[in-house]
Every structure is written in C-alpha cells, then in structure tokens.
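Please have the sequence and the structure open while I talk.

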Amino acid sequence: SSSSSSSPSPSSSVANATTTRAPAIGVTYNDTAPCVDCVRNGTVLAAVLRGLGVPGFEADGIVAYTHCPQVGDDNDVECDANGTVTALRLRSLRLPGAVPRALGALTGLAVLDLYDNALGGVFPERELAALAALRACNVSGGANEFACVNASAPLAVRCGANCTSVANETALV
C-alpha cells in the first residue's frame, strides 16, 4: 500500500549516517518499486539539497539520500543502481537557496530541473558545463534570479537562467 510523508524522514542507516527518504512535501510512494540509496554521491547530494534550501537538509549530519519512486509527483532525486545521482527534479517548491557549485561533483547528473523556485546567487555555469551527462536543464520560472558571468553563455541560455545581474569572475573562485 502507499503512504504519504509531509517532510523528509529517516528511513535507514548507511555507514552510521542518517538517510533521508524524499525531499519534499506530501508525496505518495510506489511501494512496489525498490528504493535505491544514493550513497555514491551522498555527502555531495546532501550539501546540494542543503544549499538549495530543501527542508530537512539544514543539518550537516545528513550524508545520504534514499530514492523511493513516487506516484504522480515529479519532485524527486533519482539514482541509478550504483547509487549515482542521475536526476534532480525540484519544481515549484519555492526553494530559497542558491544553485550550489557542488552540483559539478554530481558527474552522473543527466537531468536538472529547478523550475519555479526562489533560487538566487551566482549561476554555476562552469560547474554545470563540466557535467558531460547533463542532457536536460531548467532553472527558469518563479522568482529564480541569478548573477551570471555571461548571461548569453550557452548553458545559462539552455537552462533558462534569469540573469538579473553580472557576476564578477572572481565570485566563482
């Protein structure tokens, strides 16, 4: 049977660390599909979710994430069978953080969808451009507003980054 959760909740331990089941808000889980621990990128993923302002990731103690397939909700983190993060979809959650440079360490990331949030800070063009697997990217909509080194850079344009100010190149160092 399916269950709902209104916020991240611990689901298991991985190497003596807290694992969190789903980032978001009321979701229904597909209990027939297996959960996958995103352990390969666990610490980096937790830092990314904390940087984005995802509820439940405020503390530094969370170092892993368990992906459990959901029914009818596109907001999720997906990992492959090896525990590598492949997709980050957090749409319309009004997340207040920034798109962290740590995303560049999620080398298996193929989908980044942060549409319609309240994200800001410097758009990490260089780090995202280094992700060879990235095939879909959307950071447009809502109150997302970024400082960009080059608002016409191919990735900023492709991702729909709303570049409202110019960032100094030294801001990215």
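Predicted model: local features only at pLDDT ≥ 70, side-chain atom pairs only at ≥ 80, totals over all residues.

As for accessibility, Glu 127 is buried, at a relative accessible area of 13%, while Arg 101, at 40%, counts as partly exposed.

How many salt bridges does a search of the whole structure find? The search finds four, and among them is the one between Asp 113 and Arg 91, whose closest N and O atoms are 2.7 Å apart. Here Asp 113 lies in strand E10, residues 111-113, and Arg 91 in the loop between E9 and E10, so the bridge ties together parts that are 22 residues apart in sequence. Asp 113 is buried, with a relative accessible area of 12%, and Arg 91 is partly exposed, at 28%.

Another of the salt bridges joins the side chains of Asp 116 and Arg 94, at 3.7 Å from N to O. Asp 116 is in the loop between E10 and helix H2, and Arg 94 is in the loop between E9 and E10.

Turning to the core, the largest nonpolar core has 35 residues, and those touching the most other members include Leu 88, Leu 109 and Phe 123. Among the elements that give two or more residues to this core are helix H1, strand E9 and helix H3, and H1 gives the most, with five residues.

How values were computed: Residues numbered from 1 in each chain as written. Heavy atoms only, no water. Core = buried A, V, L, I, M, F, W, Y, C linked by side-chain atoms within 4.5 Å. Buried < 20%, exposed > 50% of the residue type's maximum accessible area, 1.4 Å probe, protein only. Helix = DSSP H or I, 4+ residues; strand = E, 2+ residues; numbered from the N terminus.
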